[in-house]
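Subject: Structure handover

Hello,

Here is the structure I promised to pass on. Please open it next to this email and find each part as you read.

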Amino acid sequence: MSKFRKLMTVGGLAATLALVSVVGTLAPSGASSHREALQIAQDPVADNTDTYAFVSPDKPDTVTLVGNWIPLEEPAGGPNFHNFGDDVKYTLNVDNDGDAVDDIVWEFRFTTKVQNGNTFLYNTGPITSLNDPDFNIRQTYSVAKVEHGRRTVLASGLPVPPANIGPRSTPNYEQLASAAVAGLSDGSKVFAGPRDDPFFVDLGSVFDLAGLRPFNQAHLIPRPTEAGVDGVSGYNTHSIVLQVPVKELTRDKKALSGGAGDPDAVIGVYAASWRRQTRVLSPSGNNPLSLGKWVQVSRLGMPLVNEVVIPLAKKDRFNASEPADDAQFGKFVLDPEPARLIPVLYPGVKVPAAPRNDIATIFLTGIPGLNQPRNVVPSEMIRLNMGIQPSKNPSPLGLLGGDMAGFPNGRRLADDSTDVELRALAGGTPFTPDFNIAPNNKLGDGVNTNDTPFLNQFPYVGTPHQGYASDPHYVRGSATTP
Amino acid sequence: MPVIAARPDRRRLLRLVGVGVVGIAVGVGATLALHGPGGGGDRGASVQRLDLPAAAAPAASRPGAGAPAAAVRAGSARAAVRRFLQAGAAGDLDVAYGLLDRAGHTRYPTLARFTRAQADRAAVTAVRVGAERRAGDGRAEVTVTLAHPPAIDPFAGLVPGRTVEVWRASRQDGRWRVAAEPVSVRAELPGDGRAPEAVTAWVQRLLGCDRQGAAALQAGAELYGPADLAGLPCRERGRWTVAAPQGFDAAVEPEAFVAAFGPEVGSWARLVPVQGPGTRFSVVVGPLGDAWRVLGTDPVSAR
């Protein structure tokens, strides 16, 4: 029996068993991925860590979508540095009519090629261009666009820049990264590759019983007040960045005529990753075979919804589900656990009682008059009003900072979504005036900016940390106040 | 909907928030679709809650989100299948949706969901309706020949130039309606005998170290399989021969092809062995319409 047949036989059996299991339990069929959910934490390559959507600051007739995958990449993690998964389908999804069903989907597939299998080296000399013979482990990718029930392949063979290894291997890193920016046939621009992780949050304290270092003394288990520590500082991720003309995103394919009040101005955005149902390992050490239908294993629009609002038992179901079916998770948003924990862990702090329609508005429908589409079906997406021009003086607190071009109207790289969501959960917003008082409207983790600067131009996400100079996690947050 | 200024000021922000609060009180009806039965009382709630009469209102009842499909009538099973497929080909998916049978509407409760799912079916450029076979109980199976824009890519796998498909129509609610998926699909592929021609032309280009010319004979920019094999003809001068094609079953390293094109690659890809003065390997080809195109290379087993 040929190797292919053997593998297919094993795969077919596995698929059948998987089907029986699914029928038997009525459980969701996919493994899920994301560090916030049990299954996805085991699958970093498919783990969608953050999604961003914003009107491009230097090209306001376009919108930039960013999906990040692979959490907490150690920059020095060679010799086999992090890569996108050849067996994963990555997507950026847009709903432009508020019905919670994708209207435009960009799909990305990657291929890894080893130029020379007779060495252990990622690179056999300095990498000075994307086709440098010394660039040994390379990735390329294809992009397709799905719209109106049709899939169009926009490009293939696009290069992914290498990891930022060190001064000997990648001496002109940004030059390599810039060369990986490509134009697509629909007028979009694309980049895929390693980047600094743009998220900033005090992971170490937040996951230590919801500690906020600037408020340490107010915690049920008090500690001395400290400045926040950016737990993502110094780590990289893998970004797919897409810049799309606004008129390609609207329902009628026209530029917005009514500005922010245009009925087609609001889009919903999320990212997802997909794997085939069955993975067959090879006893000879060859690459595993992936068989069966594609199933969604990770999904992310609004930050922190699946991370801290959806309970453990439902997280992987959330990752496998479609936004149009988000009503099943509505009760968790209307009575979010973190909001219930605040008065327990910070005695004396009162928060609004459930049902939290204010939270559902921010997380699921968008805010009326700002970023809520007509006839909205509640679902977890970033909602962006594309008619609101980029702010000349952006506030990291977005709308709470008086900046309507920022979170939760879309999400920019510099938006401090952690602080905004903490305050929203505590009711420290104008939506709940009785609670829009200190400390509710001052809550924060003490990490207010990213550890590295963002770029002023596409792809905006900062240069990845270099392995040689790597010192992840020990860079302090920039601020001592919340 | 208020027009929002490009640059915020405090007064506008307050007005916006005011609109938002009103929205919470009134417009959050959509949110309230999330309330399950007994979803908690309002006592002490700081945010006003209004229950919609139809909790968890299905998206299908929302305008633009797939309002109930207008029933489309067809006089026979053949006519229904023809109209269904032609509407799909023309992008008139609301018509196709109106012809969908009950099971199809259960699977795709809104036009939007049906539309999105169509991307996973090959686009249709021409429809020829053939024989109809009655299957009893008001059902019939109709054989059709469909033309597609041929492609081989890592998203759809193989899109053959032509398929012969059997579609099922059922008499439901006094009219003929069509299943969402075909009963069977058979791809019409070019004869295997033409595969060596394609590989010969590709190897000839490589013998001349013309990678660009060779790329024009590939299915896409990506070349799958070991990276170094395609470079051998340029380096190994001398006589190169191309042998008769084999099934993909014989592949030594099928993984990259399966990863790229899915497990179905085994049914449509072929291996064409090539032999140089000092080396041999296989060229993997796939059918792009009526021609074979190169997908990549595969090493020859050491055994």
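Below is what turned up, sorted by topic.

One caution to begin with: this is a predicted model. Please keep that in mind throughout.

**A strand with two partners in chain B**

Start with the overall picture of chain B. Its secondary structure comes to eleven helices and twelve strands. The chain has 303 residues, and 47% of them count as buried. Its accessible surface is about 13,900 Å². Carbon and sulfur atoms hold 52% of that surface. Now take the contacts in chain B with a separation of 6 or more: 56% of them join residues 24 or more positions apart.

Next, go to strand β11 of chain B, residues 280-288. Is this strand largely enclosed or largely open? Seven of its nine residues are buried, so the rest of the structure largely encloses β11(B). Buried here means under 20% relative accessible area.

β11(B) pairs with β10(B), residues 270-275, in the antiparallel sense. Six bridges link these two strands. In one of them, B:Pro273 has B:Ser282 of β11(B) as its bridge partner. A hairpin of four residues joins β10(B) to β11(B).

β11(B) also pairs with β12(B), residues 291-299. This pairing is antiparallel too, over eight bridges. Look for B:Val285, which stands opposite B:Val294 in β12(B). These two strands form a hairpin with two residues between them. In that turn, B:Gly289 has a positive phi of about 65°.

While you have strands on screen, remember one general point. In a regular strand the side chains alternate between the two faces of the sheet.

**An open sheet in chain A**

Move to chain A. Five strands form an open sheet there, in the order β1-β2-β9-β8-β7. The pairing is antiparallel. Which strands sit at the edges? They are β1 (48-55) and β7 (182-183) of chain A, and each pairs on one side only. Follow β1(A) to β2(A), residues 62-73: the two pair over seven bridges. One pair to find is A:Asp50 with its bridge partner A:Asn68 in β2(A).

**A buried phenylalanine**

Past β2(A), find A:Phe84, in the loop between β2 and β3 (88-95) of chain A. Is A:Phe84 buried or exposed? Its relative accessibility is 3%, so A:Phe84 counts as buried.

What does A:Phe84 touch? Leaving out residues up to four places away in sequence, its contacts include A:Val45, A:Ile70, A:Tyr90, A:Phe110 and A:His238. Also among them are A:Gln139, A:Ala192 and A:Ile240. Another residue to check is A:Val160. It is 76 residues from A:Phe84 in sequence, yet their C-alpha atoms are 9.3 Å apart in space.

**Salt bridges**

How many salt bridges are there over all chains? A search of the whole structure finds 34. Three are worth a look.

- A:Glu322 and B:Arg116 meet at 2.6 Å, N to O. The pair crosses between chains. A:Glu322 sits in the loop between α6 (312-320) and α7 (330-334) of chain A, and B:Arg116 in helix α6 (residues 111-118) of chain B. A:Glu322 has 26% relative accessibility, so it counts as partly exposed. B:Arg116, at 21%, counts as partly exposed as well.
- A:Asp415 and A:Arg412 have their closest N and O atoms 2.9 Å apart. A:Asp415 is buried at 3% relative accessibility. A:Arg412 is buried at 13%.
- B:Arg177 and B:Asp173 meet at 2.5 Å, N to O. At 6% relative accessibility, B:Arg177 counts as buried.

Salt bridges can also share partners. In chain A, shared partners join A:Lys145, A:Glu147, A:Asp186, A:Glu248 and A:Lys253 into one network.

A:Leu209, A:Leu220, A:Ile221 and A:Val344 make a nonpolar surface patch of about 390 Å².

Best wishes

Technical notes. Residues numbered from 1 in each chain as written. Chains lettered and ligands numbered in written order. Predicted model: local features only at pLDDT ≥ 70, side-chain atom pairs only at ≥ 80, totals over all residues. Heavy atoms only, no water. Patch = residues over 30% accessible without salt bridge, like charges linked within 9 Å, V, L, I, M, F, W, Y side chains within 5 Å. Areas by Shrake-Rupley, 256 points an atom, 1.4 Å probe, with all protein chains shown as cover. Salt bridge = Lys/Arg side-chain N within 4 Å of Asp/Glu carboxyl O. Buried < 20%, exposed > 50% of the residue type's maximum accessible area, 1.4 Å probe, protein only. Pairing = 2+ DSSP bridges. Contact = heavy atoms within 4.5 Å.
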